[in-house]
Amino acid sequence: MPEIHESIAQHYHERTKYDPETLAGKSQQLNWAKQPVPFKEYKIGHDFDLKPYLQEQTEAFNQNPEAKWWQRLSKLLFYSYGLTAKMPSMGSAVYLRSAPSAGGLYPAEVYLVSRGTKFLPTGLYNYQCRTHTLKHFWESEVWTALQNACFWHPSLENTQLAIVTTAVFYRSAWRYEDRAYRRIFLDTGHLLGNIELAGATTDYRPHLIGGFIDSAVNDLLYVDPEQEGSTVVIALADLLDIKQNLPLGTTALPSSIETEYPSIPDGELLTYFHSHSQIISETTVSKNLKQVKPEKSLEDKYNFSFCEKSDTVTTPIDWGRNLSGLENTIYKRRSTRAYSSEQLTFDELKALLDFTYQPQNYLDQSLDTNPDYFDLNLIETFIAVSGVKGLDSGCYYYAPQAQELRQIRFKNFRRELHFLCLGQELGRDAKAVVFHTADLKTAIDKYGDRVYRYLHLDAGHLGQRLNLAAIRLNLGVSGIGGFFDDQVNDVLGIPADEAVLYITTLGRPR
């Protein structure tokens with residue numbers, strides 16, 4: 001067998017690209033008899049009901065420390081991944097959650113690990129979002145095992161709670177096949193965005209941990225790694241306990257780079273890639289850590305002399321007293337199904353960019369001014385504008401450090417966007433379309449094949465901030481994970497080495 005030089009992450013990305021010629025001849029027939037159930041059930045365990053703590057409370061309740069503690073945890077989980085609507089569908093019901101998911105498939109599961117608090121016993125819990133309860137399915141001490149799996153991450157030293165997210169692969173693969181791996185991590189990124197912001201409303205500070213021994217976390221949760229895999233560990237620092245206000249730790253650690261692998265059949269690529277982008281041991285990390293060079297700030301690129309530049313500094317979005325507007329926005333968030341012909345304003349676009357990329361502007365609203373990502377230095381943002389008052393049509397690069405848009409192509413891409421988004425009218429009718437991209441080879445050189453997870457988690461996190469900002473401004477927004485990969489680069493003039501990760505469409509809802 002000839003030597004393979006591209007890594008498994010590059011191979012996966014190339015294999016799962018959509019192309020007009022190959023996609024046109026491929027008709028997918030969904031097996032509705034095997035439609036996955038987006039909820040996990042346990043036959044044993046004790047339930048902790050969180051529903052009473054979502055209701056309006058009396059003064060006596062508010063003076064009860066135990067009740068207040070449970071209220072904070074209840075709200076954190078509800079605004080992160082709780083059910084927010086029930087919609088009829090084909091004779092049954094589809095439950096919508098606070099975090100968006102491609103196709104409404106919700107591949108993520110949320111677990112809570114307790115070190116043992118005054119109110120929550122030691123052990124493992126699964127968040128049962130359908131009933132808004134915690135299922136206590138393992139009662140023994142597990143914190144030391146979690147710390148060991150996470151290489152004794154400093155954020156786990158004094159915290160008492162941690163969230164672990166996993167992915168049930170088939171839930172997305174049933175519809176999206178091998179490309180589902182991209183959507184799984186974008187969806188989990190949406191969830192991370194919610195956890196970050198819900199933490200701000202409940203006095204928790206989430207610390208992301210992407211570097212952990214996968215098999216150890218899977219074993220800890222008693223999941224079958226063939227069906228379900230751990231994706232992120234999140235230490236929850238209680239901001240009301242000064243001992244838990246710790247310095248930030250490392251969010252991303254490198255894996256190995258695999259360049260020798262067999263011929264992988266369609267349908268097996270997703271699980272093969274996941275298992276071969278795992279961190280096996282501390283030796284794996286130590287061997288590859290030397291290639292990771294910390295960077296202090298984002299680097300603005302594409303500062304060409306011909307670029308027309310537009311300043312994006314603006315007044316921050318108001319999230320209401322005690323962030324009540326943020327909670328309401330998370331609750332009522334929905335993906336827009338159709339856009340009207342009415343244009344956006346440049347002020348609206350600036351506000352969207354400000355909330356998404358300039359968190360330091362929200363200190364006076366008690367939002368985290370430096371939320372965790374895995375490595376935003378690897379993510380670039382391009383915006384195709386076709387209907388924004390005060391801004392010429394064209395493709396722009398967003399420079400977050402300079403806080404400006406730099407026009408790199410001068411054209412209205414409305415027709416092309418319809419094609420690039422697989423003929424979806426959302427792409428055609430949107431007034432601005434945001435593209436998140438990354439130089440995949442450079443990213444792999446830094447973090448190994450595992451970086452594919454980090455890139456899509458960060459893109460989904462940014463996408464969720466765009467989602468919520470748009471809803472707060474009464475705008476329409478919808479993410480798109482299906483697109484003609486290479487043609488996006490060609491049409492918009494984005495360098496060929498920039499892998500397109502995610503698309504977010506923006507407009508006014510019809």
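Two cavities of 30 Å³ or more are counted in this predicted model, where a cavity is a set of points on a 1 Å grid over the protein atoms alone at which a 1.4 Å probe fits but cannot get out. Grid points are joined across faces, edges and corners, and a volume is the space filled by probe spheres set on the points. Because the model is predicted, local features need pLDDT of at least 70 and side-chain atom pairs count only at pLDDT 80 or more, while totals for chains, interfaces and linings use all residues. Residues are numbered from 1 along each chain as its sequence is written, and side-chain values use heavy atoms, with hydrogens and water left out.

**Largest cavity**
- The largest cavity has a volume of about 70 Å³, and its lining, meaning residues with an atom within 4 Å of a point, includes Leu192, Arg205, Asp368 and His461.
- Sorted by class, the lining has five nonpolar, one polar and four charged residues, with Ala, Val, Leu, Ile, Met, Phe, Trp, Tyr, Cys and Pro counted as nonpolar, Asp, Glu, Lys and Arg as charged, and the others, Gly among them, as polar.

**Second largest cavity**
- The second largest cavity holds about 30 Å³ of space, and among the residues that line it are Tyr81, Ser101, Asp187 and Leu191.
- H7 gives the most to this lining, with three residues, and the classes come to six nonpolar, two polar and one charged.

Methods. 1 Å grid on protein atoms, 1.4 Å probe; cavity = no way out; pocket = protein on both sides within 12 Å on 5 of 7 lines; lining within 4 Å. Helix = DSSP H or I, 4+ residues; strand = E, 2+ residues; numbered from the N terminus.
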